[in-house]
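Take a look at the fold below.

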Amino acid sequence: MPRQPEFDRNQVLDRALDLFWSHGYESSSISKLLAAMEMNRGSLYAAFGGKSNLYIEVLDHYMDMLRRELFSCSLAKQDDPKGAITGFYQKAFIEYEDKDQLANGCLFFNTINELNKTEPKLANKAVEAIEWIKQLFVARLTEAQQAGFIKREKSAESLADYLIGLTAGLRSLCKSGASPEVLQQVIDTGLSPVFGE
């Protein structure tokens with residue numbers, strides 16, 4: 001009978017996420033990961049198979065966190081599609097309590113920017129996650145068009161691409177230390193072309 005791992009997998013993934021998120025993939029050496037995760041080298045490789053596989057699992061872990069803390073309570077479950085979209089930006093950028101995490105930007109955008117040329121497998125995993133988020137936008141934008149909140153002059157797909165760009169820009173502003181007031185102004189200005197306000 002195989003020996004059960006003597007650690008909480010979610011807990012060590014949280015620790016790895018914190019390191020990767022704040023330092024990036026390349027700067028998160030195995031020695032730094034071992035210290036952050038409080039594991040020895042043999043346990044890390046036995047449990048995750050190496051740094052690249054660990055990062056893939058961390059990306060999944062990050063998505064689970066976003067689904068739980070952000071998407072499920074804003075974009076996915078609100079009945080009003082316009083309120084879901086505006087509420088998403090409020091929750092993600094204005095009401096989000098962990099300012100240190102906000103200052104790290106988005107792990108998916110960070111991954112694409114850092115690893116697109118050097119680690120395409122990892123970058124593609126992040127691209128797939130962004131596409132999943134985009135499709136959430138597409139669904140809510142389609143509902144908003146059907147409800148008359150948005151004119152049908154532009155497709156929900158193109159508007160969703162615009163919102164992904166807005167989200168990426170806001171995440172970059174968070175990394176540069178923008179104040180909540182600046183973020184709110186950008187959100188209001190950024191959403192006005194979508195809802196015609």
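Read from the N terminus, the elements run α-α-α-α-α-α-α-α-α-α. The chain holds 10 helices and 0 strands. Keep in mind that this is a predicted model.

Next, the overall dimensions. The C-alpha trace spans about 60 × 40 × 30 Å along its principal axes. The chain has 197 residues, and 44% of them are buried.

Now the surface. The chain exposes about 10,300 Å². Carbon and sulfur atoms supply 50% of that area.

Then charge. There are 22 positive and 27 negative side chains. How far apart do the centres of the two sets lie? The separation is 3 Å.

Charge can also be followed locally. Which residues form a negative surface patch? Its members are Asp8, Asp14, Asp18, Glu69, Glu97, Asp98 and Asp100. Pick out one of them, Glu69. This residue sits in helix H4, which covers residues 51–71. Is Glu69 buried, partly exposed or exposed? Its relative accessibility is 38%, so Glu69 counts as partly exposed. The reasoning rests on two cut-offs: buried means under 20% relative accessible area, and exposed means over 50%. Glu69 falls in between. Patch membership has its own threshold, over 30% relative accessible area.

Conventions. Residues numbered from 1 in each chain as written. Predicted model: local features only at pLDDT ≥ 70, side-chain atom pairs only at ≥ 80, totals over all residues. Heavy atoms only, no water. Patch = residues over 30% accessible without salt bridge, like charges linked within 9 Å, V, L, I, M, F, W, Y side chains within 5 Å. Areas by Shrake-Rupley, 256 points an atom, 1.4 Å probe, with all protein chains shown as cover. Salt bridge = Lys/Arg side-chain N within 4 Å of Asp/Glu carboxyl O. Lys, Arg positive; Asp, Glu negative; His and termini not counted. Charge placed at Lys NZ, Arg CZ, Asp CG, Glu CD. Helix = DSSP H or I, 4+ residues; strand = E, 2+ residues; numbered from the N terminus. Buried < 20%, exposed > 50% of the residue type's maximum accessible area, 1.4 Å probe, protein only.
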